[in-house]
Amino acid sequence: MSLELHGTVHRGDFQRHVDVTADNGEVVAIVGANGSGKSTVIHTIAGLAALADGSLIVNDTPWDVPANNQWVSPEQRGCGVVFQDVRLFPHLNAVQNVMFGLRSGGVKRNDALERAMETLSEVDAHAFALRTPASLSGGERQRVALARALVMKPRVLLLDEPFSAVDERSHADFLQLLPRIVRETGAIALMVTHDHSDVSAIASRVVGL
Amino acid sequence: MEIIAPDKRKIAVRRGIVDKAFRGVVTAGSMISLIVLALIAAFLLYRGFEVFRDFGLKFFTSSKWDAGADDGSIAPSFGVAPMLVGSVVVATIAISIAVPFAVVMALFLCFYAPRFLRRPMTSVLDLVAAVPSVIYGIWGYAILMPHAKGWAETINHWLGWIWIFKVPVPIFERSPFIAGVLLAIMILPIVTSVAREVYSQAPQDQIDAAYGLGGTRWGAMRTVVLPFGKSGLVGGAMLGLGRALGETVAVYLVLNLVFKVNFQILASAGGSVASLIASRFGEAGPYELKALMAAGLVLFIITLIVNFIASSIVNRAGKSQR
């Protein structure tokens, strides 16, 4: 499996040409200054923004090729996204947030609950499974957001500054956990980060914007 | 160690003349509407007080509405129980039908309708809300009732074993069901309009988050849009309910006013406080007029309560989304 993005990403008035390639089992770091389009790349791959031109091809399937009018909708792409601003659903508790993608995909409630609790345990967030986002700290929310993306066993894992609010110990744990999950599932992970130690610790490739 | 909280600071704000003038204008504006409301209530209470005093609680529980004889041989007797029950029954039917349709229409307009269709459909909906109720009444009587009669017969045929769908005599015209259907059509635009407004403000980043996690469009609606708009929708439904409770002419034309408490919605008997007032006002004597004023006050208070509940729910919704 491979991901190849060559084209112009845009959001509003912002436009930028980018070239991103990644193979399965790989963690690719996307680095760059503020406003350089890192989050827009994540949104484009997730299908939340369309390419202005060029192509996004994943595993030989064209996800977004404007010239040929080819487009795969977000829910069919099988991505898992951790957003920079987390975006947990405020009226659902942590475990319900994690169950969302599974339930949308037709997984039965009990199975979804079991898998969600397992994933919350993996990111050390099971203790606050029944709490709503408003009562969680920034780091705790990020753990839940990570669990919400990982539980789907996504083909493409998109992480927009996923560890910015977690404490040092958890940060170290996540740096071990993430490459392991990516290896085991054969997924592709693209991670936006400003932290150079993250890049050197887990990224096998770096894309600079 | 004892912790002593500091005294509350008093902050004095010195406002400019423009600020003061603007404050005066908006305060006066809001006070005028309150004063008008209070005057209406006071007028109704003043005119209806004698009836409340004479009949007490019986005015709310009795099913008899008799102006009595002019020579005093038959004493007048007034009670609004069937009309109160009728108002609630008809309004409940209207809300039960209108709200699901309003939700579907609002979701369609916000998220599914093609761009070229969105604006004209919204304009038509707003236009429909402005149609006078007498037009609805005539349309309801001439066009809707013959069709709705058939629906009522079908419901009675299949669900007649449920008590509220039974009819004592097989007459299906001018029933609370037909009045409820007509009212549902009348309040549909306002409920849809409120729902559309609320749904269009659903946070896009949350919707994106749902899509980014493999959620379908329906998944995003169910998880983000509907919960976000839930309280706003309740507020819209309450506004519709307020209109349904107070609707006069349309209900009067399609409902058979009978002074008997009736919960059987397909039977040709029912009532509403508003249509009672409309039907009796022209020929009422001085004392019956007072009774109608008292009935008006009851309707006024019910409508106020419904609106108060609506605004509390909308306020609570605003706070919970912050």
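How much area is buried between chain A and chain B, and what share of it do carbon and sulfur atoms give? The close-ups below start there. This is a predicted model, in which local features need pLDDT of at least 70, side-chain atom pairs count only at pLDDT 80 or more, and totals for chains, interfaces and linings use all residues. Residues are numbered from 1 along each chain as its sequence is written, and side-chain values use heavy atoms, with hydrogens and water left out.

**View 1. The interface of chain A and chain B.** About 1,500 Å² is buried here, 65% of it from carbon and sulfur atoms (buried area is the accessible area, 1.4 Å probe, that two parts lose on being put together, summed over both). Glu75(A), Arg87(A) and Phe100(A) lose the most area on the chain A side, together 33% of what that side buries. Chain A brings 20 residues to the contact and chain B 15 residues (contact means heavy atoms within 4.5 Å).

View 2. Because 19 of its 24 residues are buried, helix 6 of chain B is largely enclosed by the rest of the structure (buried means under 20% relative accessible area, 1.4 Å probe, protein chains only).

**View 3. The surroundings of Ser36(A).** Ser36(A) is buried, with a relative accessible area of 6%. Its contacts beyond neighbours within four places in sequence are Phe14(A), Arg16(A) and Leu209(A).

Conventions
Chains lettered and ligands numbered in written order. Buried < 20%, exposed > 50% of the residue type's maximum accessible area, 1.4 Å probe, protein only. Helix = DSSP H or I, 4+ residues; strand = E, 2+ residues; numbered from the N terminus.
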